[in-house]
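The entries follow the order in which I checked them.

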Amino acid sequence: MKRQNNLQLKYLTLKNFATFETQEVKFGPNFNAIIGETGSGKSLLLDALQLLFGQRADKKSIRRDADFATLEAVFACYDKSVKDYCHELGFPFEEDEIIIKRIIYKNGSNKNFLNFQSCSLNNLIQFSKRFIDLVGQFENQKLLNETYQLKLLDDFSHL
């Protein structure tokens, strides 16, 4: 089977983030659904992804009694344009994986990493704007757009 030319979220690892002490979520290669009761942490996973993609960090997101929170996402990447972009920015990778990591400290500082190299928050923002399409809980207007619906169907059906 031919691999898609895109990014696929493989793992999301959270340590001392919000109510999570240590949590790793593994995603499959196709459609994934996160379900659960109210208060089970579904929205926290979306919050974590938004932080990884450059949203301003708040020290309130650090688990009580912890000094810092660590968030890490591992993506499978088979797209040459993504590899070229990362290489041009100075964050090359040899394997077919991109790793984004943020460490948020109680003192308000944070550290950002792209492919194991320190980077600016702006680097994460520019990368995510170019290659990530994150639809939040209340962003349903985008999902009602017929052009966007067709794009999603084409992507999922490998057309």
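Which strands does H3 lie across, and at about what angle does H3 run to S4? I found that H3 lies across S1, S4 and strand S5 (110-114), and that H3 runs at about 135° to S4. I took helices (H or I, at least four residues) and strands (E, at least two) as DSSP runs, numbered from the N terminus; axes are lines fitted to C-alpha atoms, for helices over the stretch in contact, with angles from 0 to 180 degrees between N-to-C directions.

I noted that this is a predicted model, in which local features need pLDDT of at least 70 and side-chain atom pairs count only at pLDDT 80 or more, while totals for chains, interfaces and linings use all residues. Residues are numbered from 1 along each chain as its sequence is written, and side-chain values use heavy atoms, with hydrogens and water left out.

Next I looked up the sheet, which is open and has 6 strands in the order S2-S1-S3-S4-S5-S6, with antiparallel pairing (two strands pair if DSSP finds at least two bridges between them). Strands S2 (20-26) and S6 (117-118) are at the edges with a single partner strand each, so one side of each has no neighbour in the sheet. S1 (residues 7-17) pairs with S2 over 6 bridges, and Leu-12 stands opposite Val-25 in S2.

Last, I turned to the helix pair: the axes of H2 (residues 80-89) and H3 (residues 121-131) come within 12 Å and cross at roughly 160°. The two helices are therefore roughly antiparallel (angles over 145 degrees count as such).

Conventions
Parallel < 35°, antiparallel > 145°, perpendicular 65-115°, else oblique. Contact = heavy atoms within 4.5 Å.
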